[in-house]
Every structure is written in C-alpha cells, then in structure tokens.
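Please open the structure in a viewer and keep the selection panel at hand.

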Amino acid sequence: MTTTTTPCEPDELRSLFLFEALTDDQLAVLCANGHIQDYQPGPICVEGEPATCFYVLLEGELTMSKLSGGQDIETNRTSQRGVYCGAWRAFTGGNQKTYDASVHVTKPSRFFVMDAPVFAQFMKDQFPMAVHLLDGIAVGTDRTRRIIDNREKLLALGRLSAGLTHQLNNPAAAISRAASDLRERVANMRHKLAMLADGTVSPEALSALVRLQERVAEQVAKSAGQHLSALETSDREDAVADWLEDHGIEGGWDIAPTFVEGGIDTDALERISAVTEQLASTSLDQAIRWINYTIESELLMNQILEASKRISALVADAKQYSQMDRAPFQVANVHDLLYSTLVMFADRLSKDGSGGDKAITLVKDFDKSLPEIPCYPADLNQVWTNIIDNALAAMRDTGGTLTVRTCRFNENMARIEICDTGPGIPPEIREQIFEPFFTTKPFGEGTGLGLDLAFNIVVKKHRGDLRVESVPGDTRFIVMLPLEAPPAADVAPDDELDDGLDGPDPE
C-alpha cells in the first residue's frame, strides 16, 4: 500500500473529540511524537500481527473485521472523524501485543499515527491517574474473570465427578458381590476335596471330572458373548430342568438357570452323563454338583472381570476427558473428545428416567471420515461440557433427545452440532447468551460464564466459530473448527476479546 507522511498540526488534532480537551502543551507533545499518514485503499493493520501503532481517523472511511470460522467477518464500517483503532490498549496492564482486529480503508484516508510504545508513555506521563484506574479495571476484571472461570470449571467438574462416581459404584458393587459369592463357592469346593481324602473318588474318576471341568470352563467362556432372548432362556431352562429331574437330580430347577447361563444345554448334559457312566466310583449327581460349582465360579469370575474392565474403561474415559499426561496442544480425534465427555454425562442420559429427571435419549451422528484436528483437547472438552450441560438442563422437566453430530463443513473446517429438543432460546435473549455473566438460571445456580468461556475457546483460541440456531423443540449450538493449526498455538484462552475500534457510533 502506498502511503505518504506529513507533520501534524495541533489545531487539526484539537478538532477531534478525542483530543478536544487537551492543553496546548499536550497537543504539542502528540504532534512531536506522531505524524499524519495518508493511506490508499487496503489494510492498515491485520488481526494477530504485532500491535505497533495507534491510529486515529482524520478523514476517509475504514472497516473493521474479525476472523470467525476461518473467514474475515466485517463488524463495523465508519467515516466518523476521531475513531481510533490499532494498539489503543498499549498503555493498559496487559500491554497489548497483537492487533485485536483487522482494519482496512475503503478509500483514500488520513490518520494520525503514533508508535505504540510512544503512545503508551504519553498516556502514562499525561494521565497517570487515569492509567492507574484503567490498569486496575483491567487487572481486576481479568482476576474476577479467571476466578469465576475456574469456579465454572470446578462446578462442571463437580457435576461430572458425581456422575462418574455413580457409574463407578455399580461395577465396584458388582465386584464386591461377586467376590463374596466366589468366596462361598471356594469354601464349598474345599468340602468337595474331602471326597478325595476319604478315597470315595478314584484317581481315574478325578481325572475325568477335571477334564469335564476344563471343557465346561471353555464352554462358559464361549457363552459369555452370547445373548439369548428371554423366551429362548426360559425354554432352555425348562429343558435343562426337565432333563435333571428325569435323571434323578434333586433341585434341578434351581440348578438349571446356572447351567443355561454357562452355555450348558441338554446335549452337553448327555455327554456329562456318558462320562459318569464309565466311572463306577462317581454318580451323575456328584458330577452335576461338581460341574455346578465350576460353572458358578467361572460365572462369578466373569462378572469380576467385566466389572473390572468397566472400571478401567471409565478411568480411561476420565483421563481422556481431563487430558491427563498429554500436551496442551495436539492433533486429536474430535469423536474421542466428544465420547469421553458424553461418558461423564452417562448418568443423566437415562433412557428410562431412572435418574430422577425425565428420560433423555442420546443420538450420535458421527462422520467417521472427519480427519483429526489440531486443537487444545482439554479446552474443547470444556466447550462440550458447558453446551451439553445446558442442553440437558433445558430438557430436564420434559425429557427429549440430545443429538451430537459431526461433519466436514468444507475443506478447511469441521462442523460439530450439539442439539436438544428443549423449549428453545427466546429471540430477545439469543444475542446475549455469549455475553459474560449473562444467565437465565436461577440466582446462585449459574455464573453466566459457561458459554462465554466456550466462545473464547472456540473463536479466539482455535480461530473457529460458535453460533446458535433455536426454535422451540430444536436448539442447535454449532461449533466450527479449523482443520489446520491456528497461527499462534500459544494464545491464552482468557484474554479479553476487544473490538479494537472505539468512538461514537456513526450516524
């Protein structure tokens, strides 16, 4: 862009609302340290680049834009003399390091320009009290925001921890019950060993029984993956019980369910009977009791194994959710992140409403061809948490369907939708839901920072986009994430998201 530079005149600066109250000496300092610069149409500062200059429009027209969803979105257009942009926060506590927005001029324009360090020093020298007050506001606001952001995260973590504890309690209780029952079965098996001590079972019979045990144990292992309908189970139990009764086995109806669960049917019983007929020292009844203890023990060990696997899976999901022992910025599968977050909400996604709230059904519509994305996984999990928590709260009284959908928006962006069938967001407050401290929840229940935090993570930290579409019965939060790494992977998520342009609204 072609530019020309000329000295500035105090009287021209005094004609601007920004400088009209300054003294002659202050105007002289400004003119001595700044200059007038003419710009042809084109960019004068670009979002994310080092903030080197402070600009004040003297004449012409400018537009301001911000990156959203990988696109440059125009947010303001003005020809109002005196509006300022660029490094206008250089003197505050954060010492503005990069431009908050891109600014273009649409026609030949003139600006008063000062280098950012010089502008910052002028403000500190001429308006020390104002700078201290603004520093205090900036630091105080930042501290308050961080404290409440942390509280929001802790509240979400507390809710999820309660759900995770409930989920862990079920398999832990199953292990406890199975271990107690197994102890009883092992004690009974010790009594069976007395049969060996008194010689009532010959070595040949014992060998045959042990071989039977091994085959039965293999059958129990094979049957673990089988799923019979209630009718099939009932029919098989009747058949096994009848066989046992016909062969003089007392209490056959009590044993039958265990045999069927272990995969033992009447054909297997016939094979067991054939083996015992060859053993003079062992009756069929003894063999059946022996096999029954074996099946019970194997089934209990299967229960312990499955419950242990469930606990391990829940712990793995919790680690995936919290991103423990992982780099803050990495390439990740967005479906893994969504799944680990949904696991944390599993106790609230009851299909029968047994958790106390109305039943909520989960629908996952994932595009598995979606590539991995460069991101801050722990931060994105916080985004999913806040949005899903709000969706479930919206359906608490009526129940409904939570839908999580992924797809590729275009070659550069991934699209994630989190949808609920709640009452919807009224149009009059839809524009406010991403504002800090805005909440529709009762006093004390919400901080109003959940969606604000999500917006900052998606839009500012990932250079994506977060929007909402809502009608009664269909509310959709749409997250757009770049498939390529953001320009700066070390941008803090809690920095202020300022316009970078101020002054009176154009008429």
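Helices (H or I, at least four residues) and strands (E, at least two) are DSSP runs, numbered from the N terminus. The model shown is predicted, so local features need pLDDT of at least 70, side-chain atom pairs count only at pLDDT 80 or more, and totals for chains, interfaces and linings use all residues. Residues are numbered from 1 along each chain as its sequence is written, and side-chain values use heavy atoms, with hydrogens and water left out.

**The whole chain**

Begin with the entire chain selected. The chain holds 13 helices and 17 strands. Of its 507 residues, 43% are buried; buried means under 20% relative accessible area, exposed over 50%, and partly exposed in between (1.4 Å probe, protein chains only). The accessible surface of the chain is about 25700 Å², and carbon and sulfur atoms account for 52% of that surface. Such areas come from the Shrake-Rupley method with a 1.4 Å probe; for residues, only the protein chains shown count as cover. A contact means heavy atoms within 4.5 Å. Among contacts in the chain with a separation of 6 or more, 76% join residues 24 or more positions apart.

**First stop: helices α6 and α8**

Select residues 230-246, helix α6, together with residues 266-277, helix α8. Their axes come within 9 Å and cross at roughly 25 degrees. Axes are lines fitted to C-alpha atoms, for helices over the stretch in contact, and angles run from 0 to 180 degrees between N-to-C directions. Angles under 35 degrees count as roughly parallel, over 145 as roughly antiparallel, 65 to 115 as roughly perpendicular and the rest as oblique. The crossing of roughly 25 degrees therefore makes α6 roughly parallel to α8.

Which residues of α6 and α8 meet? From α6 come A239, V240, W243 and L244, and from α8 come T266, L269, E270 and S273. The residues of this contact comprise five nonpolar, two polar and one charged. Here Ala, Val, Leu, Ile, Met, Phe, Trp, Tyr, Cys and Pro count as nonpolar, Asp, Glu, Lys and Arg as charged, and the others, Gly among them, as polar.

Now select V240, which lies in helix α6. Is V240 buried or exposed? V240 is buried, with a relative accessible area of 1%. Leaving aside neighbours within four places in sequence, V240 is in contact with A256, F259, V260, I264, D265, T266 and L269. V240 and L269 are 29 residues apart in sequence, and their C-alpha atoms are 8.2 Å apart in space.

Next, select L228, in the loop between α5 (203-223) and α6. L228 is partly exposed, with a relative accessible area of 32%. Not counting residues up to four places away in sequence, L228 touches T233, R236 and V260.

**Second stop: helix α9**

Select I304 in helix α9 (residues 284-322). At 22% relative accessibility, I304 is partly exposed. I304 touches I175, A178, A179 and L182, not counting residues up to four places away in sequence. I304 and A179 are 125 residues apart in sequence, yet 7.3 Å apart in space, C-alpha to C-alpha.

A nonpolar core is a set of buried Ala, Val, Leu, Ile, Met, Phe, Trp, Tyr and Cys residues joined through side-chain atoms within 4.5 Å. The largest such core has 41 residues, of which W384 and L402 touch the most other members. Elements that each supply at least two residues include α11 (377-394), β13 (400-408) and β14 (413-420). The largest share, seven residues, comes from α11.

Select W384 and display its surroundings. Not counting residues up to four places away in sequence, W384 touches V334, L337, L338, T341, I416, I418, V479 and L481. A second, separate core has 40 residues, including I36, F54, Y55 and L62.

Then select K364, found in strand β11 (residues 360-365). K364 is partly exposed, with a relative accessible area of 45%. The C-alpha atoms of K364 and L402 are separated by 8.5 Å, and these residues are 38 apart along the chain.

**Last stop: R463**

Finally, select R463 in the loop between α13 and β15. Most residues other than glycine have a negative phi. R463 is not a glycine, but has a positive phi of about 55 degrees. R463 is buried, with a relative accessible area of 17%.
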